[in-house]
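Here's a quick briefing on one fold, put together for someone who likes cut-offs spelled out. Have a look at the model first, then read on.

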Amino acid sequence: MPAAPKARSSKPRAPRGAEDHLDLVAELIEAFAGSEDLDATLAAALARIAEALDADAAGLFLLDGDYADPDAKLVCRACVGPIDVTGLELTASIGIPGRALQRNRTELVADVARDPDFLAPATIGLDYDIRSM
């Protein structure tokens, strides 16, 4: 069985090139292909992705339900960072994640304070400062 992706290191990394990103994708594909524990592999993969992006934290939210259903939720299946939000549920149609889901594309936001769709962690009871996502 292939080794799980490496945990995030605390040392700063040099910018990665396209070849490095392809190596990461190959590493993650191999890890998922050989995995018998999806949740552990998701967490390890997310840690590697956060490391590659030099991110302090990261979360993987998956849609639970049909997007057209007002009760649909985005549920955190894996996270890395100072606060564990695994299991956190957000209404699927709100916030930057909801907008990304609606548009079916990645949303990169350099300054969340300027984004009208930003849902501050304090509004859902979390004490964490997010500057970009």
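In what sense do S2 and S3 pair, and over how many bridges? The answer is antiparallel, over three bridges; strands count as paired if DSSP finds at least two bridges between them. This is a predicted model, so local features need pLDDT of at least 70 and side-chain atom pairs 80 or more, while totals for chains, interfaces and linings use all residues. Residues are numbered from 1 along each chain as its sequence is written, and side-chain values use heavy atoms, with hydrogens and water left out.

**The sheet**
- Three strands form an open sheet in the order S1-S2-S3, with antiparallel pairing; strands are DSSP runs of E, at least two residues, and helices are runs of H or I, at least four, numbered from the N terminus.
- S1 (58-64) and S3 (89-91) are the edge strands, each pairing on one side only.
- Lys73 sits opposite Thr91 in S3.

**The core**
- The largest nonpolar core has seven residues: Leu42, Leu46, Ala47, Ala50, Ala55, Ala78 and Val80.
- Such a core joins buried Ala, Val, Leu, Ile, Met, Phe, Trp, Tyr and Cys through side-chain atoms within 4.5 Å; buried means under 20% relative accessible area, with a 1.4 Å probe and protein chains only.
- H2 (38-53) and S2 (73-80) each give two or more residues to this core, and H2 gives the most, with four.

**Helix H3**
- In H3 (residues 95-103), Gly95, Ile96, Gly98, Arg99 and Ala100 are buried.
- Just after H3, Asn104 takes a positive phi of about 60°.

Conventions: Buried means under 20% relative accessible area, exposed over 50%, partly exposed in between (1.4 Å probe, protein chains only).
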